[in-house]
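User: I am new to this structure and would like a short tour of it. Could we look at it together?

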Amino acid sequence: MKTSFIMDSDYLSGYPEDSALLIQWMVKTSPHRILYVVDHEQRLMGVVRLEDSHAKLATTLEQLMVPQNEVATVSPDDEAEVLLPLFRNHPDWSSIPVVFEGKLLGVVSREWEPTPEPVIDESWRNIPLAQLQQYVLDALYTGLIIVDDRGTTRMLNPAGAEILSVDMGQVVGKPYEELAQYLFPHMREYLKVSAVPKVLAGAADRGERQLLLPNGRHVLFKFATIREQGKVRAVLITFMDITPQKQAEVSAYQQQRELEMAFSLTLPNSKVEAKLKSSPEYQDIYDPGTGQARVTGVIPDGTYHHVINGLRIMAELKDIGVFQLVGVDKDTLVQAFIFHDIGKAQPTLRAGEMFVPRDTFEPGYLHAARSADWAHKDYHVTTDVEWLIRYHHTRETELPPDFPSALKPMMRIFQLVDGLSAAMTRRNAYIAPMSLNGSVLTIDESNVDRRYDRRYRLAIYTGEVLPLPKE
């Protein structure tokens with residue numbers, strides 16, 4: 001198994017500049033015996049063993065730590081077997097860090113033990129094959145039907161009978177049409193849609209169907225052909241109830257439509273909507289080794305969805321009380337987000353295409369300035385809204401001297417929402433429910449590509465960002 005499967009995100013960490021006095025407190029309050037020293041981008045700098053630190057408390061972690069180049073690490077893709085000799089040769093190590101591209105992802109504790117080889121149970125060998133097959137059929141949660149080459153239903157398992165709301169005794173051993181009436185409302189539909197007649201006639205070999213059954217269930221069927229010496233002997237059909245998924249899809253679609261309709265009412269005219277919908281966004285996989293990325297998906301109206309996702313996040317921020325903070329105005333942020341990308345100019349890319357992001361996309365500050373100009377000229381936004389739009393792609397340390405300091409809390413919130421919405425739109429990221437403690441937000445972002453996972457705290461008034469270990 002991979003080390004990423006068994007690593008633990010519960011570990012002690014600190015920054016190189018932190019006072020070693022922290023260790024004295026940690027020794028008393030934590031079961032961990034190792035502290036990992038990381039920089040503010042979560043790159044591993046070294047380790048400090050707590051039991052070795054008592055004599056040097058009047059110093060920093062950087063002075064106490066064993067540097068990273070002297071620390072054994074493993075990659076998340078390494079097989080777990082590589083851990084055994086490391087622990088065996090270093091009995092003083094309580095854990096081993098898991099590192100990817102220099103960043104600390106987690107640790108594997110010494111308490112981890114590999115799963116022992118299974119002991120062969122002789123009684124298992126003695127189960128007759130026919131009895132074992134029956135056990136399997138009875139235990140399946142998915143439905144199974146076998147129809148022979150003469151069109152007779154030879155097998156239907158209990159789970160399948162439950163999904164179809166049929167008595168197995170009434171259909172097994174009889175023509176498939178007796179079972180088909182529980183799948184189709186009429187013989188015409190059966191002959192038109194069913195795969196079984198087509199397979200038996202040699203017109204199909206394998207495939208799938210989604211059907212709404214007469215009992216009201218949505219069911220996904222997959223069929224394949226069993227052949228012997230090139231001749232069709234049977235049709236194998238597996239199926240599962242997907243009613244909850246279909247209901248969730250309908251609910252999600254309705255919610256999306258309601259949100260889009262509500263959003264369209266906030267737009268000043270159809271030009272803004274058309275501009276946002278004409279601006280694509282791209283999903284991609286980036287290779288830091290080559291500096292290139294490959295397009296994995298194209299979202300034709302991606303910027304429109306990016307704005308909607310951003311407004312969803314703002315709605316959550318409103319619920320947890322962010323807009324009740326002094327210096328934070330909901331209407332200003334919402335208006336700024338609606339207009340912040342109207343000046344965006346995107347290249348035309350295709351799925352599978354390789355590109356260099358820096359050379360392909362216009363620098364963000366250019367479209368930010370263009371968006372601010374248009375929002376000011378054509379839609380007469382307030383000065384505060386214009387400031388936020390114009391500099392939403394500018395680092396706080398690079399803001400112009402005349403940027404109003406009173407707007408910085410809103411700028412931090414704006415940039416947070418912009419980044420999280422981009423992750424949701426372009427990486428299908430999951431953003432866990434955020435929490436607010438005073439004026440400090442806690443954010444937890446999870447991605448399929450774990451390189452982009454982040455959990456951190458943002459101090460809205462000071463701008464301080466504190467990385468946190470993933471839970």
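User: Is Arg-457 buried, partly exposed or exposed?
Analyst: Arg-457 counts as partly exposed, because its relative accessibility is 35%; buried means under 20% relative accessible area, exposed over 50%, and partly exposed in between, with a 1.4 Å probe and protein chains only. This is a predicted model, in which local features need pLDDT of at least 70 and side-chain atom pairs count only at pLDDT 80 or more, while totals for chains, interfaces and linings use all residues. Residues are numbered from 1 along each chain as its sequence is written, and side-chain values use heavy atoms, with hydrogens and water left out.

User: Where is Arg-457 placed, and which residues does it touch?
Analyst: Arg-457 is in strand β18, residues 454–459; helices (H or I, at least four residues) and strands (E, at least two) are DSSP runs, numbered from the N terminus. Not counting residues up to four places away in sequence, Arg-457 touches Val-440, Leu-441, Thr-442, Glu-464, Val-465, Leu-466 and Leu-468, where contact means heavy atoms within 4.5 Å.

User: What about Thr-153, buried or exposed?
Analyst: Thr-153 has a relative accessible area of 0%, so it is buried. Thr-153 belongs to strand β8, and its contacts, leaving aside neighbours within four places in sequence, include Ile-145, Ile-146, Val-147 and Tyr-176.

User: Which sheet contains β8, and in what order do the strands run?
Analyst: An open sheet of five strands has the order β8-β7-β11-β10-β9, with antiparallel pairing; two strands pair if DSSP finds at least two bridges between them. At the edges are β8 (153–156) and β9 (207–212), each of which pairs on one side only. From one strand to the next, the twist averages 20°.

User: How many bridges join β7 and β11?
Analyst: Six bridges link β7 (residues 143–148) to β11 (residues 231–241), in the antiparallel sense. Within this pair, Gly-143 stands opposite Phe-239 of β11.

User: Now the helices. At what angle do α14 and α19 cross?
Analyst: Helix α14 (residues 302–319) and helix α19 (residues 408–427) cross at roughly 125°, and their axes come within 8 Å. Axes are lines fitted to C-alpha atoms, for helices over the stretch in contact, and angles run from 0 to 180 degrees between N-to-C directions. The angle makes α14 oblique to α19; under 35 degrees counts as roughly parallel, over 145 as roughly antiparallel, 65 to 115 as roughly perpendicular and the rest as oblique.

User: Which residues meet there?
Analyst: Among them are His-305, Asn-309 and Ile-313 in α14, and Val-417, Leu-420 and Met-424 in α19. By class, the contact of α14 with α19 has eight nonpolar, seven polar and one charged residue. Ala, Val, Leu, Ile, Met, Phe, Trp, Tyr, Cys and Pro count as nonpolar, Asp, Glu, Lys and Arg as charged, and the others, Gly among them, as polar.
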